[in-house]
Amino acid sequence: MTKKRVAVLLAFALLSFSLLFAGCNRRDNSVETLEIYVANFGYGYEWLQPLMDDFAKQDWVKEKYPNLKFEEVSKNSERTYAVDQIKSGKTTVDLFISCSSGADSFESKDSKGNPYFEDLTDVYESEVPGEGVLFKDKMQDEFLTMSTYETYGGEYTYFCVPWVTGMQGMVYNRTMFEEYGWEVPNTTDDLLVLCDEIVADGEVPFIFTSKENYWTCMMFLLWWGQYEGADNYANFYQGLVCTNPDAPEDEREYDYSNEVFAQMGRLRSLETISSLIHADNPKNYCHENVNTLQFTQAQSKFLTREGAMMPNGDWLEAEMRKVSTSGAITDVFTFMKTPVISSIIEKCTTIPDNDTLSKVIDAIDAGEESYGQVSAEDFAKVKEARKIVLPVGNHTIMIPAYATAKEVAKDFVRYLATDGANNVFMEYSNGASMPFNYDVETEDPELYNSLAQIQKDRISLCKGATYLLNENTYKTVYYGGIARVSQGRTVVEALFTAQNEKDRMSAREIYDAEIAYWDDVRFANVLTNSGITN
């Protein structure tokens, strides 16, 4: 065989292989072929295929889409992937289940003025299939509020749908607490006493990693929100300050001001965290390796008793299953009710000390509506603080405006609001919940009884709770740039636990630095960039 013939045959073989490879990876981009992307983080993705299968079985789906097909699900752990892909204008994915907000991009358009993101108002205004209730009415109120998007021009619409409620807070090893006889604390001063007891028993109170901002994005927000109240906490992200604080609540007026960064709850919360984990504290309540551990390492050590408590989320249950296939982990891990910040008594004229505050909390937990000589106003303030819960934010579903299977994607989102879909999601996500009104304890007691304790307790704690709304609810955040903490202070625990003493900051230093950073010029830019002022 000549060299020329060999070369021709080789070229033909390579061409055939490349065509075969291209054929195997070609996407069917038709109007009835749904392509989904899912972000693979704490809640995993194993729940998605059962939902897709159940969706395809619905009679109304089979009738409307007789040629329905699904492309293979794509997934990764890149937080900005969904928004980046949609804004590329080229993705073939029809529905993105993301772990990002995207709010600062929803109004963006391509060079021809075409929108990148589909307006989902028609989904919110339509009925949930087979249930006779509007999609927006089936959604829990707080999540509807967090999903309502304010445009630059001040109009309201919807560009995304939240897909999980979640909960964040202090998780503890209940088995260890029971073995040692430790009591779950009512207040943060009680928490400090507990830490001393844990150390005296030869155990470590807290394990975490300063490489992640779980203290910052969980406990800082919770204690700050408790002190200020949920409404004033929300005012922070809107840049609003009360101009007549002595007026009755229904007569108070608010105006934009950078004085919002001086909210006292921010300092008191930072001080509380500092008292628990700061390296300058002569009492060491932290695992010795908080500065070197990766998150998965810290969480694994938490599961094997190298710490009694850890700021975390309800996704711990799913992640715990992945590392405990050997059956070695038998302890029970669950949320504690967030201890009420003890400094709240500064705002309560009839609660003189922490002991009284703790007794008020006992009364609240017992369902009482008053306690001793404590005023109704003070009792209500503590009751709200005790009921505050921090959900998971920025877990959103988005659809490209140019998606070919856009209508199927919207119907899949409508399906997610059904009781059936909520049940499937809960079963295959190890107990997590979607943000729709669905009571699994009543509707499927068998499934509820099978859930891990952390999910049962999450469900209980969220009933009648006051939610701290996600900061990306407000355009002064996604357009204006207001942030819980700014610049190099986004990971408070790193500033508190830094190995190098020169790298540490105190609570007061962080608080003052934030006030100084948000000067008149920067705050004026917030209002301009948000479309509030010209």
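A crossing of two helices is right-handed if the near helix is turned clockwise from the far one by less than a right angle, and left-handed if it is turned anticlockwise. The model examined here is a predicted one.

**Exercise 1. Determine how α2 and α18 are arranged, and which residues join them.**

Step 1. Helix α2 covers residues 48–57 and helix α18 covers residues 419–428; their axes come within 9 Å and cross at roughly 155°.

Step 2. Angles over 145 degrees count as roughly antiparallel. The helices α2 and α18 are therefore roughly antiparallel to each other.

Step 3. In the sense defined above, the crossing of α2 and α18 is right-handed.

Step 4. On the α2 side the contact involves Pro-50, Leu-51 and Asp-54, which meet Ala-421, Val-424, Phe-425 and Tyr-428 of α18. By class, this contact of α2 with α18 holds six nonpolar residues, no polar residue and one charged residue.

**Exercise 2. Carry out the corresponding analysis for α12 and α24.**

Step 1. Helix α12 (residues 264–277) packs against helix α24 (residues 507–517) at an angle of about 150°, and the axes are 8 Å apart.

Step 2. This angle makes α12 roughly antiparallel to α24.

Step 3. The crossing in which α12 passes α24 is right-handed.

Step 4. From α12, the contact draws on Met-264, Arg-266, Leu-267, Leu-270, Glu-271 and Ser-274; from α24, it draws on Ala-507, Arg-508, Ile-510, Tyr-511 and Glu-514. The residues of the contact of α12 with α24 comprise six nonpolar, one polar and four charged.

**Exercise 3. Describe the largest pocket: its volume, its central residues and its lining.**

Step 1. The largest pocket holds about 1400 Å³ of space. Its lining has 50 residues, and those closest to the centre are Arg-79, Cys-99, Gly-393, Asn-394 and His-395.

Step 2. At least two lining residues of the largest pocket come from each of α4 (81–88), α10 (214–228), α11 (230–238), α13 (295–303), α14 (316–323) and α22 (475–478). With five residues, α13 gives the most.

Step 3. The lining of the largest pocket divides into 25 nonpolar, 17 polar and eight charged residues.

**Exercise 4. Describe the second largest pocket and identify the elements that supply its lining.**

Step 1. The space in the second largest pocket is about 910 Å³.

Step 2. Its lining has 25 residues, and Glu-228, Asn-232, Arg-252, Lys-347 and Lys-381 lie nearest the centre.

Step 3. The elements α10, α11, β10 (240–242) and α16 (376–387) each supply at least two lining residues of the second largest pocket. By class, this lining contains eleven nonpolar, five polar and nine charged residues.

**Exercise 5. State how many cavities of 30 Å³ or more there are, and characterise the largest cavity.**

Step 1. The count is three cavities of 30 Å³ or more. The largest cavity has a volume of about 230 Å³.

Step 2. Among the 20 residues that line the largest cavity, Met-146, Ser-147, Cys-160, Asn-394 and Thr-396 lie nearest its centre. Helix α7 (residues 141–147) gives the most to this lining, with three residues.

Step 3. The lining of the largest cavity has ten nonpolar, ten polar and no charged residues.

Terms used:
Residues are numbered from 1 along each chain as its sequence is written. This is a predicted model: local features need pLDDT of at least 70, side-chain atom pairs count only at pLDDT 80 or more; totals for chains, interfaces and linings use all residues. Side-chain values use heavy atoms; hydrogens and water are left out. On a 1 Å grid over the protein atoms alone, a cavity is a set of points where a 1.4 Å probe fits but cannot get out, and a pocket is an open set with protein on both sides within 12 Å along at least five of seven lines; lining residues have an atom within 4 Å of a point. Grid points are joined across faces, edges and corners, and a volume is the space filled by probe spheres set on the points. Helices (H or I, at least four residues) and strands (E, at least two) are DSSP runs, numbered from the N terminus. Ala, Val, Leu, Ile, Met, Phe, Trp, Tyr, Cys and Pro count as nonpolar, Asp, Glu, Lys and Arg as charged, and the others, Gly among them, as polar. Axes are lines fitted to C-alpha atoms, for helices over the stretch in contact, and angles run from 0 to 180 degrees between N-to-C directions. Angles under 35 degrees count as roughly parallel, over 145 as roughly antiparallel, 65 to 115 as roughly perpendicular and the rest as oblique. Contact means heavy atoms within 4.5 Å.
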